[in-house]
Amino acid sequence: MLDYKLYKGNGSEYVVLLHGIGGNSKIFFKQIKAYSKHFNVLAIHLPGHGDSPDIDSYKEKFSFDLIVKEIAKTLDKLAIHKAHFVGISLGSIILHQLLKTEPGRVRSAVLGGAITSLNRMAKFLLKIAGLIKGAIPFMWLYRILALILMPKDNHKHSRRFFIHEAQKMLRNNFLGWYQLVAEVETIYTNVQNVKIPKLYISGAEDHMFVSELRADLHGDDHCELVILNQCGHVCNIEKAEEFNQLSLEFLRKHTLKKAKIV
């Protein structure tokens, strides 16, 4: 069973938080209080993070399908049949898989720093990192990737935060997640056809992903895209006030009570 933190808030509906690689529920420290004013909040620790099981402990092959099954088990344990979801970075990829395979679980989805496709630079970096990952400490690789992904001074806080939290990971868990990243484009396939409200929030300086995101979302009538100026990949930390305002307005719009009125 996945590790989680449950925050009882106001209202009967739940918001489920999905963090990025190397992160944990702490990456939502600027959202939990705000969300709890209107929702119950469930912050899940993905496999290999927090006190969730190590990746090597699973008998079946580690995959996005397995991850979604583990999330569903956690929701079942807590008798949460349907919820709103907020995914950041890697969490957005998992949320895309959830939208495709378990759409009945999702009332609405907020995707921050979302990853839908990999540009040439990202593919090149993944290839190089794949060649050297066995020869260097994984935290060296993580620091290099974090610096490339979040290179500017205004990204420094987010970059340092993720590096600090990633140090709590075991090498095998990091490498297990790393192997899945190349599947991101396959995961996004057909998400446009899922008729569930989706709000994408990304930074204008999220240089590795935002251009591809704009192109991929074209034609999805069930999504909105907001680009935050002077903001990088981890927009829920860098622009927390704006992120909270946008996401809460969207989530509250799609609560069960509001949905019935519409």
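Select Cys235 to begin: Cys235 is buried, at a relative accessible area of 0% (buried means under 20%, exposed over 50% and partly exposed in between, with a 1.4 Å probe and protein chains only). You are looking at a predicted model, where local features need pLDDT of at least 70 and side-chain atom pairs count only at pLDDT 80 or more, while totals for chains, interfaces and linings use all residues. Residues are numbered from 1 along each chain as its sequence is written, and side-chain values use heavy atoms, without hydrogens and water.

The whole structure has zero disulfides (pairs of cysteine sulfur atoms within 2.5 Å).

Now show the strands (DSSP E runs of at least two residues; helices are H or I runs of at least four, and both are numbered from the N terminus). Seven of them form an open sheet with mixed pairing, in the order S1-S3-S2-S4-S5-S6-S7; strands pair if DSSP finds at least two bridges between them. Strand S1 (4–7) and strand S7 (223–228) stand at the edges with a single partner strand each, so one side of each has no neighbour in the sheet.

Zoom in on S6 (residues 198–203), which runs parallel to S7 and is joined to it by six bridges. Pick Ile201 and you will find its bridge partner in S7, Val226.
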